[in-house]
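Here is a short report on one protein chain. Look at the sequence and the structure first, then read on.

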Amino acid sequence: MKNYKLIGPISQLISMEKVATKGAIKDEEVSILKDMGILIEGEQIHSIGDYLEIKQKAISLNAKIIELQSNYVCIPGFIDAHTHICFSGSRARDYAMRNAGKSYLEIAEAGGGIWDTVTQTRKATQEELIYGILKRANALLKTGITTIEVKSGYGLSVSEELKMLRAIKNANENLEADLIATCLAGHMLPRDFDGDHKEYLETISNTLFPILKDENLTHRIDAFIEKSAFLPSDIYPYFKKAKAMGFDITVHADQFSTGGSEVAVKINAVSADHLEASTEDEIKMLADSNVVSVALPGASIGLGCNFTPARKILDAGGALAIASDWNPGSAPMGDLLTQACILGTFEKLSNTEVLAGITCRAAAALNLKDRGRLTTGMLADFNLFQTDHFNEIFYHQGKLVPSQVWKRGDIVYSDHN
């Protein structure tokens, strides 16, 4: 017997159904549907329509009818397409030193930086990592984030990367939100590796990649292209092997210097993330490609550096997603909606461009075609905000949080619980 539910009447519903993946969007281009109902069949949206009309259909299907007694705005569930929420330890000292004027090198020499998190994460058990992921992911779910990308990259050896990715897989099996795992073994050359960058990447690709396939731990490979991490010449063979094995590619690109986005375009990556250092050349290159540009305002706020040139990317015709980059070093806030609203203020993005960046375009950045929009056949992932207009969500810059979060057709959070 099929399980049907009807939710409504919804004062305003923003489906994002017809929003293009690329280019600028004006608010007036997106329809605000009024007095709507969402009919759910199992985990998916069966149909959306005028509440009184769809209610008759729901009655004929013997659906459970959930009537809303106040004004609600309904938007797709948020998708955080770039996080590092599998980690152990804190880098609060790094933050204090950075704000006091210390350079990245000085912080690293004092025992901070990525290697500090690697050391602390290696000391953690798999169970401790699982607990940390569950705690952070459940906090994100309450803010409306129903899909969360999670990277490894603080293991930096075959065994430790496996520990992280197994922890992510285990956590995903015990969460309401969906976790999308990404292998970031190419985060930096580990200090304890006896060899050069090329030899490390060969070890990872030859030894780790087959296990990732065998255990179905991830279908995504990432790497940090930067002078302090890996050069383009190091990464091309690594990414080519990953693609030949059927992995999707994503790239930490153009954070402090350019070069990464060019690799992303040439390798036909799904996304290029960061892009704070991108120039007009990189913007055009990305806009002319199918690579989704992912802005990470949390890192800009955490480091006190420029934002991704989001306005220019959109005006050039590019695809722009927005993610939190939640990590213990450069982006410790982890509040996607607040960060997206701040980026919108500084980069002059329309509310619809911000919403697209954390819904349908974020889905594209993860190569997910079953979410990010509210329409027939999509997953029933959506947020209900108790307000009378969707502009209020962005106006309050993250302070207005969902009253209800729905994931795969079930209510997974309510502020009335």
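## His274 and its surroundings

The side chains of His274 and Glu276 are joined by a polar contact of 3.0 Å. A polar contact is a pair of N or O atoms within 3.5 Å; within protein, one must be able to donate a hydrogen and the other to accept it, and residues adjacent in sequence count only if both atoms are side-chain atoms. This is a predicted model: local features need pLDDT of at least 70, side-chain atom pairs count only at pLDDT 80 or more, and totals for chains, interfaces and linings use all residues. Residues are numbered from 1 along each chain as its sequence is written, and side-chain values use heavy atoms, with hydrogens and water left out.

His274 sits in strand β11 (residues 271–274). Helices (H or I, at least four residues) and strands (E, at least two) are DSSP runs, numbered from the N terminus. His274 is buried, at 2% relative accessible area. Buried means under 20% relative accessible area, exposed over 50%, and partly exposed in between (1.4 Å probe, protein chains only). Contact means heavy atoms within 4.5 Å.

Thr146 lies in strand β7 (residues 145–151). Thr146 is buried, with a relative accessible area of 1%. Beyond four places in sequence, its contacts include Gly77, Asp178 and Trp406.

Val270 is in the loop between α9 (260–266) and β11. Its relative accessibility is 14%, so Val270 counts as buried. Among the residues that Val270 touches, not counting those up to four places away, are Asp248, Asn290 and Leu366.

## Two helices side by side

How are α7 and α8 oriented to each other? Helix α7 (residues 197–214) and helix α8 (residues 232–244) pack at about 10 degrees, with axes 9 Å apart. They are therefore roughly parallel. Angles under 35 degrees count as roughly parallel, over 145 as roughly antiparallel, 65 to 115 as roughly perpendicular and the rest as oblique. Axes are lines fitted to C-alpha atoms, for helices over the stretch in contact, and angles run from 0 to 180 degrees between N-to-C directions.

The contact includes Leu201 and Phe209 of α7, and Ile235 and Tyr238 of α8.

## The nonpolar cores

The largest nonpolar core has 97 residues, and Leu212, Ile221, Tyr238 and Phe239 touch the most other members. A nonpolar core is a set of buried Ala, Val, Leu, Ile, Met, Phe, Trp, Tyr and Cys residues joined through side-chain atoms within 4.5 Å. Helix α6 (residues 158–172) gives this core its largest share, seven residues. Another core of 15 residues lies apart from it, with Ile10 and Phe382 among them.
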